[in-house]
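Colleague: Could you take me through this model one question at a time, starting with its sheet and ending with its turns and loops?

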Amino acid sequence: SATASADAPYGVQVVALGEGKFDAYVLEGGLPGAGWDKSKKRTKTTGQTTDGVTECAGGDCKVTIQDGKLTLAIAGKKVCELKRIERQSPTLGARPPKGAVVLFDGTGVDEWDKGRLSDDKLLMEGTTSKRTFTDFTIHIEFRTPFKPQDRGQARGNSGIYLQGRYEAQMLDSFGLDGKMNETGGLYSIKDPDLNMCLPPLAWQTYDIDFKAARWKDGKKTEPAVMTVRLNGVVVQKDVVCDHATTASPMKEADSPGPINLQDHGNPFRYRNIWVVPK
């Protein structure tokens, strides 16, 4: 869950760890993209639920959750009470513009090699688009699973490979540090500027502008470049992708490539996928 208050300059992200245990991250200024950025203080607290009361402590902060209210104390003094909010991406449900290629709208998987449709009409992990692309903008909505007892790369893992070569990671990294192997990161290339990952089971969005590498006489003359918006916030701006992602399905080459949705052994779901070729 995520909590925030307009009356106090703090946000708190509460991360479930299973068996009644939690981490709670206290963010000075508000939530990521709404007051907090990497220049501001972030304090990790840990704790558990006992008799219906959750208490987490760390640094000079103490977080208490009881009867649906979160109380934040700093240096032993109550600072504020926060309420739980459910954040949504401003690009959720974005409609494909004129000229877009619709890859998935819930009606079938004809656009996908090894495409599988879940019982609730969502696209499942482990599939590759039949069409290939060079320069383009892509919109995709994705949902991470809830695996509270897992950690790191086991905590709900997938990724979207642009041209089958360059991966924007998908992972339940809500509340974490924001590394290149977490949501918003370009795997093996660059950390995101901000961790805008939402909690597990929340629908999230990637809106990515991709410029393919340029080639001449079989040699690469310019690298691929990406700008990535995660849940409406730019987390990668004109980032140079000077190599294909580690373990990518395809090597760099002078050819268009598909969209690949990685199967990393986790139940991921996707919807509303469209591409605007440039």
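Colleague: In what order do the five strands of the open sheet lie, and which strands stand at the edges?
Modeller: This is a predicted model, in which local features need pLDDT of at least 70 and side-chain atom pairs count only at pLDDT 80 or more, whereas totals for chains, interfaces and linings use all residues. Residues are numbered from 1 along each chain as its sequence is written, and side-chain values use heavy atoms, with hydrogens and water left out. The open sheet, with antiparallel pairing, has the order β12-β14-β23-β16-β17, where strands are DSSP runs of E of at least two residues, numbered from the N terminus, and two strands pair if DSSP finds at least two bridges between them. Each edge strand has a single partner, so one side of each is left without a neighbour in the sheet, and these strands are β12 (112–113) and β17 (166–171).

Colleague: Within that sheet, which residue of β23 is the bridge partner of Ile160?
Modeller: Strand β16 covers residues 157–162 and strand β23 covers residues 260–261, and the two pair in the antiparallel sense over two bridges. In β23, the bridge partner of Ile160 is Leu261.

Colleague: What radius of gyration does the chain have, and what does the globule rule give for 278 residues?
Modeller: The chain has 24 strands and zero helices, a helix being a DSSP run of H or I of at least four residues. The chain is as compact as a globular protein of its length, because its radius of gyration is close to the value from the globule rule, which is 2.2 Å times the number of residues to the power 0.38, with the radius taken over C-alpha atoms. The two values are 20 Å for the chain and 19 Å from the rule.

Colleague: What percentage of the residues in the chain is buried?
Modeller: The C-alpha atoms fill a box of roughly 65 × 40 × 35 Å along the principal axes. Buried means under 20% relative accessible area, exposed over 50% and partly exposed in between, with a 1.4 Å probe and protein chains only. By that criterion, the buried share of the 278 residues is 49%.

Colleague: Which residue in the turn between β21 and β22 has a positive phi?
Modeller: Strands β21 (residues 224–230) and β22 (residues 233–241) pair in the antiparallel sense over six bridges, and in β22 the bridge partner of Val228 is Gln236. They form a hairpin with two residues between them, and the turn residue with a positive phi, about 50°, is Asn231.

Colleague: Which residue takes a positive phi in the hairpin of β8 and β9?
Modeller: Strand β8 (residues 61–66) is joined by five bridges to the antiparallel strand β7 (residues 53–58), and in the hairpin of β7 and β8 Gly59 takes a positive phi near 60°. β8 also pairs with β9 in the antiparallel sense over six bridges, with Leu72 of β9 as the bridge partner of Val63. In the hairpin of β8 and β9, with two residues between the strands, the positive phi near 55° belongs to Asp67.

Colleague: Is Ala75 buried or exposed?
Modeller: Ala75 lies in the loop between β9 (69–74) and β10 (77–85), and has a positive phi of about 55° although it is not a glycine. With a relative accessibility of 64%, Ala75 counts as exposed.

Colleague: Leaving aside neighbours within four places in sequence, with which residues is Pro96 in contact?
Modeller: Pro96 sits in the loop between β10 and β11 (101–104), and is partly exposed, with a relative accessible area of 36%. Taking contact as heavy atoms within 4.5 Å, and leaving aside neighbours within four places in sequence, the partners of Pro96 are Val102 and Trp274.
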